[in-house]
Amino acid sequence: MKKAIAAAALVAVFLVLTTTRFGIFIVFDVLGDVGSDNLPSDPTKGPLVLSGLLSAEQRIPLPDSLEQGSGLHVDRQHIYVSTDQAELFTLSHAGVEAASVSRLLGGPLILRQGRLEGIAVQGERLLGIGELGEIAAWRSEDGKWRSTEAVALPDGLEDLEFTGLTWFGDDPLGTVDDGLGVWNLRTGDRHEPEIGAHLRPGRTADGVVVSGIAADASSLYLITENYSCILRVDPVAWRVTDVWGIDASEPSDIAVLDGLAYVTGDHNYFDPRPPLLVYALPPPTGTPPTSPPTR
């Protein structure tokens, strides 16, 4: 009887550690010490020369059930946020849930944790990337996102741990946390934006952790998890044109719409949930600034 009770207790502990959020907190943040990176957040202390500092013009509170936001996509109707648990939240521009939460990956929580990092929405199609070895794909059916045929990555990219995903023209682009490189996920080419005068003397950009990427009609935008910066990149000359420091701690992804940058922030289990931050990007000369959507 004692052996049976001990075995049952071990099974119960195993299930708690692998299938519950409290268990994942114990495994990663306590036993694994994964959650204690304490990344530096002050952009003025980093290796990049800043074009300026931006303060959030809007702070959109997110649902309490949205934990560890990772991927982000924004269109004129909705805000889409994926989590480290491979869930997808569809929100209004006021942060209110506009559809039921979709679980995008199967399996126990410990195998889903952190595998999905970046998302992009194209109409009724959702694409996701991370530690998946491919570009995962889902299609919206009856208000739910259902898995469909994945998009293969070019040879040699399957083992990379991607942090961000966006679309520029006909090309899907991805980032990893090692340097400022941008991967073309259609051709397999890697582009290294030329940092130029935006690098402090005697410093390198090797330690900068890129956690997301976004695009508009003419530029790419990289966001860094440490030193909290947004980099604007010319995708033709592959040159960094601006670097803005932001008042966010450990940004996890970025989306850009109508001159506004939307930024999610990472957090560990049981930490306060950071809001979605909205920044007005400095516009080209002669273009009036925009304002965040009213709540």
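Residues are numbered from 1 along each chain as its sequence is written. Because the model is predicted, local features need pLDDT of at least 70 and side-chain atom pairs count only at pLDDT 80 or more, while totals for chains, interfaces and linings use all residues, and side-chain values use heavy atoms, leaving out hydrogens and water.

**View 1. Glu 225 sits in the loop between β16 (220–224) and β17 (229–234).** Strands here are DSSP runs of E with at least two residues, numbered from the N terminus. Glu 225 is buried and has no salt bridge. Buried means under 20% relative accessible area with a 1.4 Å probe, protein chains only, and a salt bridge needs a side-chain nitrogen of Lys or Arg within 4 Å of a carboxyl oxygen of Asp or Glu. The nearest side chain of opposite charge, Arg 273, lies 15 Å away; Lys and Arg count as positive, Asp and Glu as negative, with His and the chain ends not counted.

**View 2. Ser 252 belongs to strand β19 (residues 251–257).** With 8% relative accessibility, Ser 252 counts as buried. Beyond its neighbours within four places in sequence, Ser 252 is in contact (heavy atoms within 4.5 Å) with residues including Gly 69, Ser 211 and Asp 266.

**View 3. Four strands form an open sheet in the order β7-β8-β9-β10, with antiparallel pairing.** Two strands pair if DSSP finds at least two bridges between them. β7 (116–122) and β10 (144–151) stand at the edges with a single partner strand each, so one side of each has no neighbour in the sheet. Six bridges join β7 to β8 (residues 125–130), and Gln 122 has Arg 125 in β8 as its bridge partner.

Note on methods
Buried < 20%, exposed > 50% of the residue type's maximum accessible area, 1.4 Å probe, protein only.
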